[in-house]
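Here is a short briefing on one protein chain. Look at the structure first, then work through the points by topic.

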Amino acid sequence: MSIDERMVASIVKQVLGRLDEGSSDPRASAAGGDWGVFDSMNEAVEAAAAAQREYLNRSMHDRATYVQAIRDVVLDEENLDYISRLAVEETGMGGYEYKLVKNRLAATKTPGIEDLTTEAMSGDDGLTLVEYSPFGVIGAITPTTNPTETIICNSIGMLAAGNSVVFSPHPRAKMVSLHLIQLINRALARLGAPANLVVTVSEPSIENTNAMMSHPKVRMLVATGGPAIVKTVLSSGKKAIGAGAGNPPVVVDETADIEKAARDIIDGCCFDYNLPCIAEKEVIVVDSAADFLMFNMKKHGAYEVKDPALIDQLVKLVVQENGKSPKTEFVGKSAKYILEQVGVNVGDDVRVIMMETKEEHPFVQVELMMPILPVVRVPDVDAAIDMAIRVEHGNRHTAMMHSRNVDKLTKMAKLIQTTIFVKNGPSYAGIGVGGEGYTTFTIAGPTGEGLTSAKSFARRRKCVLVGGLDVR
């Protein structure tokens with residue numbers, strides 16, 4: 001089925017759903033828009049502001065119920081399948097089976113109201129509470145690389161914190177983003193939630209993003225994307241969270257379980273064809289372990305390119321002429337597809353393109369977001385750590401290390417200062433896939449919030465009662 005056919009099927013399903021319910025939700029109709037989708041950004045923001053004012057009067061139990069509704073509508077097998085397929089078809093990035101994992105992960109492991117802990121201080125002078133309170137209307141910019149995952153994750157966290165949210169999706173992920181936002185609104189309406197807690201515009205664009213950022217009723221901005229959009233929100237004059245680029249290195253020393261390290265590196269690098277900003281982008285390995293590591297990486301799906309001319313051909317194919325960014329048409333494409341473009345035909349078992357390079361090579365320096373993995377040899381683990389810090393470019397995003405030397409693991413963790421540091425596992429363990437802890441798809445390195453959750457989208461407020469309620 002083509003994208004157009006899928007969109008028609010989606011519209012038919014929505015219309016039939018409304019007929020089944022007797023009519024569209026009267027509050028949604030009164031507020032305008034088409035289940036959260038508006039013709040203009042001003043209409044979207046105004047609707048979200050009205051919804052948030054009403055939302056202030058709802059209980060924490062209500063919030064928890066609405067968050068669960070978002071989880072449930074995404075985890076519905078038909079919906080999960082549809083948004084995962086459509087995301088791949090529309091953007092041309094990543095793989096369906098990976099989108100299923102990521103969308104399910106966002107729905108199940110994004111924190112809700114339990115993240116909003118309360119501090120209490122009591123004494124002779126009374127009682128003071130410090131609690132998390134909403135900003136109001138949040139403007140959220142979402143990427144083409146993880147469009148549905150980011151909307152799911154942000155909707156849960158932002159609504160849990162008591163906000164409404166105006167999404168500005170990437171234009172190349174318009175259809176799947178709008179469809180998901182409408183699914184969320186319909187689910188919330190069935191529970192009697194204020195209409196338009198989650199909204200967007202029918203035609204996402206730079207102009208609409210600018211209108212959202214400048215609207216006086218948008219009190220906070222959250223950008224998940226590249227350096228340019230993060231820089232823009234940081235210069236907006238508003239409270240901003242910026243989740244920008246990464247270039248995650250993985251260090252392997254001679255003490256590591258090399259066979260496991262090889263498998264973990266390939267699994268992490270090829271996950272969703274290397275689209276996640278957390279994924280392994282370059283390997284820095286101690287020379288004495290390098291040959292055995294690469295041998296095992298090939299056993300787990302790496303195709304080694306040794307011909308310097310072919311490596312140069314790959315550089316010209318996937319890196320912009322400025323040498324600073326990847327070509328969009330190859331971001332999130334499979335290793336097999338990329339190799340075919342340079343005349344190399346391989347089987348589906350090839351998951352990663354691997355080659356030895358020097359530190360200054362573009363494949364090491366540029367965050368490619370495709371399954372091309374350069375390997376750099378170094379004399380010892382201290383040199384590897386130093387190089388990892390350099391090639392991470394100070395993004396403070398993600399890094400990995402495979403080692404049994406606790407002192408060196410500790411050294412790298414302290415020096416590289418990344419938001420996520422994975423020891424002896426694949427990169428995706430850092431967002432809760434096979435690793436402990438919650439998930440997020442908005443990892444805020446530039447502004448320092450790190451792994452965002454509901455409390456990231458709330459203000460700390462102090463409430464003081466003088467002279468009472470101290471019962472000790």
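**A buried loop residue and its cavity**

Asn196 sits in the loop between α8 and β6. The model is predicted.

- Is Asn196 buried or exposed? Its relative accessibility is 3%, so Asn196 counts as buried. The cut-off for buried is under 20% relative accessible area.
- The backbone of Asn196 also stands out: phi is near 75°, a positive value in a residue other than glycine. Most residues other than glycine have a negative phi.
- Asn196 belongs to the lining of the largest cavity. That lining has 10 residues, and those nearest the cavity centre are Asn185, Ala189, Pro194, Ala195 and Asn196.
- How many cavities of 30 Å³ or more are there? The count comes to one.
- The volume of the largest cavity is about 70 Å³.
- Which helix gives the most to the lining of this cavity? Helix α8 (residues 174-190) does, with three residues.
- The cavity lining holds seven nonpolar residues, three polar ones and no charged ones.

**The largest pocket**

- Rolling a probe the size of a water molecule over the atoms shows where empty space is left.
- The largest pocket holds about 1300 Å³ of space. It is lined by 50 residues, and Gly225, Gly226, Pro227, Ile229 and Met369 are the closest to its centre.
- Two helices, α9 (206-214) and α10 (227-234), each supply at least two residues of the pocket lining.
- Which of the elements gives the largest share of this lining? Helix α10 does, with five residues.
- By class, the pocket lining divides into 24 nonpolar, 23 polar and three charged residues.

**Sheets and strand pairs**

- Strands of a sheet pair through backbone hydrogen bonds, either parallel or antiparallel.
- Val166 has Val199 in β6 as its bridge partner.
- Another open sheet has three strands in the order β2-β3-β18, with antiparallel pairing. Its edge strands are β2 (119-123) and β18 (458-466), each of which pairs on one side only. From one strand to the next, the twist averages 20°.
- How many bridges join β2 to β3? Five bridges join β2 to strand β3 (residues 126-134), and the two run antiparallel. Ser122 has Leu127 in β3 as its bridge partner.
- Strand β9 (residues 249-252) runs parallel to β10, with four bridges between them. Pro249 stands opposite Glu282 in β10.

**A covered strand**

- Strand β10 (residues 282-286) is mostly covered, with five of its five residues buried.
- In a regular strand the side chains alternate between the two faces of the sheet.

- Ile420 lies in strand β15 (residues 420-423). Its relative accessibility is 4%, so Ile420 counts as buried.
- Ile420 and Met60 are 360 residues apart along the chain, and their C-alpha atoms are separated by 30 Å.
- Asn424 is in the loop between β15 and β16 (443-444). Its relative accessible area is 35%, so Asn424 is partly exposed.
- Asn424 has a phi near 55°, a positive value in a residue other than glycine.

**The whole protein**

- The protein has 17 helices and 18 strands.
- Of its 472 residues, 57% count as buried.
- Along the principal axes, the C-alpha atoms fill a box of roughly 65 × 65 × 35 Å.
- How does the radius of gyration fit a compact globule, and what is its value? The protein has 24 Å, which agrees with the value near 23 Å that a compact globule of 472 residues would have.

Key. Residues numbered from 1 in each chain as written. Predicted model: local features only at pLDDT ≥ 70, side-chain atom pairs only at ≥ 80, totals over all residues. Heavy atoms only, no water. 1 Å grid on protein atoms, 1.4 Å probe; cavity = no way out; pocket = protein on both sides within 12 Å on 5 of 7 lines; lining within 4 Å. Points joined across faces, edges and corners; volume = space filled by probe spheres on them. Nonpolar A, V, L, I, M, F, W, Y, C, P; charged D, E, K, R; others polar. Pairing = 2+ DSSP bridges. Axes fitted to C-alpha atoms, helices over the stretch in contact; angles between N-to-C directions. Rg over C-alpha atoms; globule rule 2.2 N^0.38 Å. Buried < 20%, exposed > 50% of the residue type's maximum accessible area, 1.4 Å probe, protein only.
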